[in-house]
Amino acid sequence: YEQAFSRAMQSRFYHGRPPEGQVDVVRQEVADQIVARALRLQEARRLGLKADNGAIQATLDSYDERYRNSPRWQAQRTEMLTVLGQRLEEEDLLRQLEKRIRDVEVPDRLQLEQYYKAYPGKFTEPAQQKVSVILLGVDPSSSTEVWDAAMTEAAGLVSELRAGADFAELARLRSADRSAQTGGDMGYLHAGMLSPAAQEVVDALDIGVVSDPVRLLKGIAIFRVSERRQARLRAYSDVEQRVRALSTRQRSDEAWEVFNRRLASTTPVHIYPESGPSVGE
């Protein structure tokens, strides 16, 4: 238990002091995890599941071969192989048990359609914008003078564009973005694909309007939106395979959760707490 608790503390509060009250929370979580593991192993054995001894022995042999020149391994070989073998057997039983519980029937057509209607957000294409950009690249560590010069250059490009210059041509000639070879065309983007600063500018643009220059991490950018698409729920026939996969996964997760709750509620569990080491130890 203390080893598991120590690992949990290190992974959660690495080099940091845990907030007040969190140590007890972690202790309880570790205890719950150990109890849950014990209950699952007990159930796996009750069901008569058998570990794959051949695979386990092959793994043990690989460890023996890997560490055969290690003095520590040679000194503790028998003990370590015994402990490792037991651990491998338990992990194999736990994998078999979870696979058995999660092996649920695939929903029928009616159930799939009900799932599709219940979770439309999972099958809706987000709103998208067809965005083009001209990026004047600037190293983030450049001086203020360099950034100001790039901003001045970008302002000149904006003037040319608003006077009728071809956006795609200027992008091919001047842009440092990888979209330059396609005339600055970044394709259809949905929210979250651009940085917050760029997204704010793009969202405020009218179709076909060239933006003012905006400073981003890698330079000064000029944006244009040529088209907007509203969010669209895809037809069931187009997403049936995804509906089946998501619905089956949900049923599998629910079966696993119900199984674990049943184990916890039907098995008497008594935990005898002892005072553990202080946070500083």
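**Entry 1: Pro 196**

I began with Pro 196, which is exposed at a relative accessible area of 69%. For this label I use these cut-offs: buried is under 20% relative accessible area, exposed is over 50%, and partly exposed is in between, with a 1.4 Å probe and protein chains only. I am reading a predicted model, in which local features need pLDDT of at least 70 and side-chain atom pairs count only at pLDDT 80 or more, while totals for chains, interfaces and linings use all residues. Residues are numbered from 1 along each chain as its sequence is written, and side-chain values use heavy atoms, with hydrogens and water left out.

I placed Pro 196 in helix H8, residues 196-204. Helices (H or I, at least four residues) and strands (E, at least two) are DSSP runs, numbered from the N terminus. I then took a distance from Pro 196 to Gln 28, 168 residues apart along the chain, and found 39 Å between their C-alpha atoms.

**Entry 2: Ser 211**

I looked up Ser 211 in the loop between H8 and strand S4 (214-216). Ser 211 is buried, with a relative accessible area of 2%. A polar atom of its side chain lies 2.8 Å from the backbone nitrogen of Phe 223. That falls under polar contact (a pair of N or O atoms within 3.5 Å; within protein, one must be able to donate a hydrogen and the other to accept it, and residues adjacent in sequence count only if both atoms are side-chain atoms). Setting aside neighbours within four places in sequence, I listed Val 158, Arg 162, Val 201, Leu 205, Ile 222 and Phe 223 as in contact with Ser 211. Contact means heavy atoms within 4.5 Å.

**Entry 3: Gln 129 and Gly 187**

I found Gln 129 in strand S2, residues 128-137, and Gly 187 in strand S3, residues 185-190. Gln 129 is buried at 10% relative accessible area, and Gly 187 is buried at 18%.

Which side chains does Gln 129 reach by polar contact? I noted Asp 203 at 2.9 Å and Arg 228 at 2.6 Å. Not counting residues up to four places away in sequence, Gln 129 touches several others, including Gly 187, Tyr 188, Leu 189 and Val 225.

From Gly 187 I noted contacts with Gln 129, Lys 130 and Val 131, leaving aside neighbours within four places in sequence. The C-alpha atoms of Gly 187 and Val 131 are separated by 6.0 Å, although the two are 56 residues apart along the chain.

**Entry 4: Salt bridges**

I counted 20 salt bridges in the structure. A salt bridge here is a side-chain nitrogen of Lys or Arg within 4 Å of a carboxyl oxygen of Asp or Glu. Side chains of opposite charge can pair when their charged atoms come close.

I took Arg 27 and Glu 2, whose side chains meet in a salt bridge at 3.5 Å, N to O. Arg 27 lies in helix H2 and Glu 2 in helix H1, so the pair ties together parts that are 25 residues apart in sequence. Arg 27 counts as buried at 15% relative accessibility, whereas Glu 2 counts as partly exposed at 35%.

Next I took Asp 253 and Arg 102, which meet at 2.7 Å, N to O. Asp 253 is in helix H9 (residues 236-266) and Arg 102 in helix H4, so I noted a link between distant parts of the chain, 151 residues apart. Both are partly exposed: Asp 253 at 30% and Arg 102 at 25%.

The pair Glu 240 and Arg 244 meets at 3.3 Å, N to O. These two are four residues apart in helix H9, and about one helical turn separates them. Glu 240 counts as partly exposed at 23%, and Arg 244 does too at 33%. I also found Arg 37, Arg 87, Glu 90 and Glu 91 joined into one network by salt bridges that share partners.

**Entry 5: The largest pocket**

How much space lies in the largest pocket? I noted about 510 Å³. Of its 15 lining residues, the closest to the centre are Gln 3, Ala 4, Arg 7, Arg 37 and Arg 87. A pocket is found on a 1 Å grid over the protein atoms alone, as an open set of points where a 1.4 Å probe fits, with protein on both sides within 12 Å along at least five of seven lines; lining residues have an atom within 4 Å of a point. The volume is the space filled by probe spheres set on the points, which are joined across faces, edges and corners.

Helix H1 (2-12), helix H2 (22-46) and helix H4 (71-102) each supply at least two residues of this lining.
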